[in-house]
Amino acid sequence: MGSAANKPMTPIQAWSSITRISNAPTVISNVMVGLGIAIQAHAIEFATQRQLPPLQIAKPLLIITVALLSFYFAGMVLNDAIDETRDKKHRSNRPIPSGLITKQQAWITGLIFLFCGIAITATMSSATAISGMILGTTVLLYTFAHQWEWAAITLMGICRGLVYVVAFYALTNLPSPHLMIFAAAIFLYTAILTWLGKHEHKKEQTRSSMVWLAVLPVAFVSYVTEGNFGAVSLVAVVFVCWIGFASKQFAKNKPTGGMHTLLSGFCLLDCLFLAALEEYSIMIISFICFIFTIAGHRKILGT
């Protein structure tokens with residue numbers, strides 16, 4: 001990975017790097033959880049009816065996935081734009097300090113992505129528009145405040161939690177007993193990951209023991225699991241083993257590998273939530289996103 005990262009990048013590779021496109025499948029996987037929660041809310045709302053009314057899925061799912069990827073790419077590009085000075089000292093091979101992308105190009109592109117995300121969500125339900133605006137605002141706040149550790153941890157966690165919320169409201173406005181539970185769980189996982197990321201290059205302390213905090217969101221699943229303990233337990237074991245693998249990488253002073261493992265872990269966490277909802281067909285999509293994220297990290301750094 002190190003030698004690949006030191007090779008000169010082409011313009012396409014530079015834009016792929018600055019957008020962290022290798023992590024994009026994790027966003028798609030998050031959307032799948034929003035879909036699963038929406039399906040469950042729909043089933044609960046109309047449980048007393050003999051025949052469930054149809055839930056429109058295909059078109060709003062496609063639209064909201066594009067919107068949420070736009071928000072994600074906006075955050076990544078704007079993050080590099082504002083970090084230009086810092087990256088010149090510590091990560092001179094990044095696209096902006098290496099001169100492949102100018103700071104102005106990054107700001108313009110990032111703001112276009114952000115505008116697209118807000119504009120797309122504004123065309124959907126009022127709840128989607130409001131949550132989309134909150135997500136866009138949080139992305140901007142993170143851009144300007146992420147140098148402060150606890151602000152970065154909190155805001156990044158909110159961003160990931162809002163992906164579930166925005167995706168859910170794009171599909172339904174029904175009340176859900178699961179939405180806030182899962183949003184809180186992924187907030188916690190993201191906060192832990194962000195904290196570790198802030199210290200990934202401090203070689204004097206690998207933080208390998210602290211990685212195990214990332215298994216805490218598993219506890220949230222107990223609130224929504226209803227009788228399908230076999231499937232949930234199996235996915236939970238896989239997830240915990242994956243966190244253990246990340247811990248080993250940190251212990252061996254391989255922080256980039258450890259962070260990549262945790263980043264792809266978003267998809268496994270989504271699989272766990274979907275197993276708890278018994279949405280196994282959707283869970284397969286999240287698992288495919290997990291495989292694509294791992295493959296993407298072999299070509300493009302996700303941190």
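Student: Where does Leu140 sit?

Tutor: Leu140 belongs to helix α7, which runs over residues 126–145. Keep in mind that this is a predicted model.

Student: Okay, what about α7 itself, how far does it reach?

Tutor: From its first C-alpha to its last, α7 reaches 28 Å with its 20 residues. That is close to the 28 Å expected at 1.5 Å a residue.

Student: Which residues of α7 are buried, and what covers them?

Tutor: Among them are Thr128, Ser131, Leu135, Val139 and Tyr142. The cover includes α4, α6 (103–122) and α8.

Student: Let's move to the core. Which residues touch the most other members of the largest nonpolar core?

Tutor: That core has 77 residues, and the ones touching the most other members are Ile64, Leu68, Leu135, Phe182, Tyr189, Leu262 and Phe273. The elements giving two or more residues to this core include α3 (24–45), α4 (58–82), α7 and α12 (255–276). Helix α12 gives the most, with 13 residues.

Student: What does Phe273 touch?

Tutor: Leaving out residues up to four places away in sequence, Phe273 touches Val33, Tyr164, Phe182, Ala185, Pro217 and Val221. There is also a second, separate core of 7 residues, which includes Val77, Ile96, Ile101 and Ala106.

Student: Changing topic: how many salt bridges are there?

Tutor: The count comes to 4. Arg20, Asp80 and Arg94 are linked in a network of them.

Student: Nice, what are the N to O distances for Asp80 with Arg20 and with Arg94?

Tutor: For Arg20 and Asp80 the distance is 3.1 Å, N to O. For Asp80 and Arg94, the closest N and O atoms are 2.6 Å apart. Asp80 is in helix α4, while Arg94 is in the loop between α5 (84–90) and α6, 14 residues apart.

Student: Why does Asp80 count as buried?

Tutor: Because its relative accessibility is 3%. Arg20 is buried as well, with a relative accessible area of 5%.

Student: Which residue does Lys103 pair with?

Tutor: Lys103 forms a salt bridge with Glu84, with the closest N and O atoms 3.5 Å apart. Lys103 lies in helix α6 and Glu84 in helix α5, so this pair ties together parts 19 residues apart in sequence. Lys103 is partly exposed at 34% relative accessibility, whereas Glu84 is buried at 16%.

Technical notes: Residues are numbered from 1 along each chain as its sequence is written. This is a predicted model: local features need pLDDT of at least 70, side-chain atom pairs count only at pLDDT 80 or more; totals for chains, interfaces and linings use all residues. Side-chain values use heavy atoms; hydrogens and water are left out. Helices (H or I, at least four residues) and strands (E, at least two) are DSSP runs, numbered from the N terminus. A nonpolar core is a set of buried Ala, Val, Leu, Ile, Met, Phe, Trp, Tyr and Cys residues joined through side-chain atoms within 4.5 Å. Buried means under 20% relative accessible area, exposed over 50%, partly exposed in between (1.4 Å probe, protein chains only). Contact means heavy atoms within 4.5 Å. The expected span of a helix is 1.5 Å times one less than its number of residues. A salt bridge is a side-chain nitrogen of Lys or Arg within 4 Å of a carboxyl oxygen of Asp or Glu.
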